[in-house]
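Try each task before you read its solution.

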Amino acid sequence: MIKKRKKKIKYFYMGIKDLVISISPEPIFHIGSFPITNTTIVTLIVSLLIMIVSVLITKNLKMKPKGAQNVLEYIIEALLSMIDGVTKNREQSRKFFPLVATIFIFVILINWIEIVPGLGTVGIKEMHHGREVVVPFIRSSAADLNVTLAIALISVFSVQFVGISVLGARKYLSKFFISPFKKPYFIGTFVGLLELISEFSKIISFSFRLFGNIFAGEALLMVALFLLPYIFNILPLPFLFLELFVGFIQALVFSMLTLVFLKAATIEHEDH
Amino acid sequence: MDLLNKLGIHPTLLLAQIINFLILMFVLYKFVYNPVLNLMEKREKKIKKSLDKAKEIDEKLEKIKIDYDKKMTQAKKEALKILEEAKNQAEKEREASLQKTKKEVAEIIKKAKEQISLEKEKLVEEAKDDLDKIVILAVEKILDQRLDKEINNKTVQEIIKQV
């Protein structure tokens, strides 16, 4: 009996040859035709965690802060002063704050998911091109173009919306469509067109910058883990610190760029 | 489309992520950013107000202190003055009473002297009277004769006068 059972259990040791790095997130299961990928699950968990923790902290805010409220206020104050530094206008800062702060907090947390233990190693077995591979449960959400593209789209659309609502549609569009009969003539028109294209390229640069950094970080961590797994367990440590740093920088870059674009959209184009 | 597929971009997933982010942003805005920022603003205003108030109170205190010091020195001066006056008054009164006592004492002495001299005179008178009688008796006895009383008296009187 015992012998039979032992035979049934298949031990699955992972080695470097089992390492599969795929650009697209791996679906864990499907609901109808809707694939639930590992990044979807991670995104949902992170979002819910942010919401629950922050709502719990702010449930009874006090004039004299205590404990967790101090931490929250510190974060918010730091973000606000950062935004103030760009806008130089408290009222405008309050308007930009929700988008910029949410991007920062969300992106930094989904970036840091990649250093959670079990990344890429805990998952379900699946046949993939005739090979048995692990589909990990945890995959950093930022290593999924859907997520980064979603945030980039929201960011760029917000920039357009803010530009139009502050300057008015005509003035805002006159940044991009410049009459060729005015002073700098065709150069102006051409510059305007370039500006228009750059608005679209922002979407791509935003999404691929974040995706590339975090995806590469994940691949790096996995390779570091598989290279010398047992004796030199210390090897991934510097990479973990590096990834902490990269995650912070990418979140900062994403939110700061959004902020700068928002601010730029509210400034009128100077007539030459 | 094939490129998007290879990159793992799935329209429904993208939409789900957009909605997720918007919900997250809305919830954070409603429950975190707005209340916390409002609270921080309120606190800032309150702190500024209390600082201003503290400054005002300090100024007031300073003023009161100066006022107090001024009044205190004045009161001290007045007290010294009053003390001085009282001393002078006391001195004067003492002098006056001393004078009065001296006068009284002198008067009493004078009265006593008068009394004594009066008493002395009286004593002398009495002694004279007694002496008269004694002398008469003595003379009568010496003479041992009974003269006319009137003559007798007359002679005695003359004798005494002579004496």
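Helices here are DSSP runs of H or I with at least four residues, strands are runs of E with at least two, and both are numbered from the N terminus. This is a predicted model, where local features need pLDDT of at least 70, side-chain atom pairs count only at pLDDT 80 or more, and totals for chains, interfaces and linings use all residues. Residues are numbered from 1 along each chain as its sequence is written, while chains are lettered from A and ligands numbered from 1 in the order in which they are written.

**Exercise 1.** Decide whether A:Glu268 is buried or exposed, and find which residues A:Glu268 is in contact with.

*Solution.* 
- Step 1: recall the cut-offs, with C-beta atoms placed from the backbone: buried means 20 or more other C-beta atoms within 10 Å, exposed means 12 or fewer, and partly exposed is in between.
- Step 2: A:Glu268 has 11 other C-beta atoms within 10 Å and is therefore exposed.
- Step 3: two residues are in contact if their C-beta atoms, placed from the backbone, lie within 7 Å. Setting aside neighbours within four places in sequence, A:Glu268 is in contact with A:Leu167 and A:Lys171.
- Step 4: the C-alpha atoms of A:Glu268 and A:Gly163 are 9.2 Å apart, although 105 residues separate them along the chain.

**Exercise 2.** Describe the fold of chain A by its secondary structure and its contacts.

*Solution.* 
- Step 1: chain A has 8 helices and 4 strands.
- Step 2: their order along the sequence is α-β-β-α-α-α-β-β-α-α-α-α.
- Step 3: of the 272 residues in chain A, 30% are buried.
- Step 4: take the contacts in chain A between residues at least 6 apart in sequence; 66% of these join residues at least 24 apart.

**Exercise 3.** Work out how helix 5 of chain A packs against helix 8 of chain A.

*Solution.* 
- Step 1: axes are lines fitted to C-alpha atoms, for helices over the stretch in contact, and angles run from 0 to 180 degrees between N-to-C directions. Helix 5 (residues 145-167) and helix 8 (residues 236-266) of chain A pack at about 25 degrees, with axes 8 Å apart.
- Step 2: angles under 35 degrees count as roughly parallel, over 145 as roughly antiparallel, 65 to 115 as roughly perpendicular and the rest as oblique. Helix 5 and helix 8 of chain A are therefore roughly parallel to each other.
- Step 3: the contact is made by A:Ser155, A:Ser158, A:Val159, A:Val162, A:Gly163, A:Val166 and A:Leu167 of helix 5 and A:Thr258, A:Phe261, A:Leu262, A:Ala265 and A:Thr266 of helix 8 of chain A.

**Exercise 4.** Classify the angle between helix 4 of chain A and helix 5 of chain A, and name the residues that make the contact.

*Solution.* 
- Step 1: the two axes come within 12 Å and cross at roughly 170 degrees.
- Step 2: helix 4 and helix 5 of chain A are therefore roughly antiparallel to each other.
- Step 3: A:Leu99, A:Ile103, A:Val107 and A:Ile110 of helix 4 meet A:Val147, A:Ile151, A:Ser155 and A:Ser158 of helix 5 of chain A.

**Exercise 5.** Now cross to chain B: how does helix 5 of chain A pack against helix 2 of chain B?

*Solution.* 
- Step 1: the angle is about 55 degrees, and the axes are 8 Å apart.
- Step 2: that makes helix 5 of chain A oblique to helix 2 of chain B.
- Step 3: residues of helix 5 of chain A in this contact include A:Asn146, A:Leu149 and A:Leu153, and those of helix 2 of chain B include B:Leu13, B:Gln17 and B:Phe21.
- Step 4: for the two chains as a whole, the contact takes 26 residues from chain B and 37 residues from chain A.

**Exercise 6.** Find the residues with the most contacts inside the largest nonpolar core.

*Solution.* 
- Step 1: a nonpolar core is a set of buried Ala, Val, Leu, Ile, Met, Phe, Trp, Tyr and Cys residues joined through C-beta atoms within 7 Å.
- Step 2: the largest such core has 50 residues, and A:Val100, A:Val107 and A:Ile110 have the most contacts inside it.
- Step 3: helix 4 of chain A gives the largest share of this core, 12 residues.
- Step 4: not counting residues up to four places away in sequence, A:Val100 touches A:Ile83, A:Ser255, A:Thr258 and A:Leu259.
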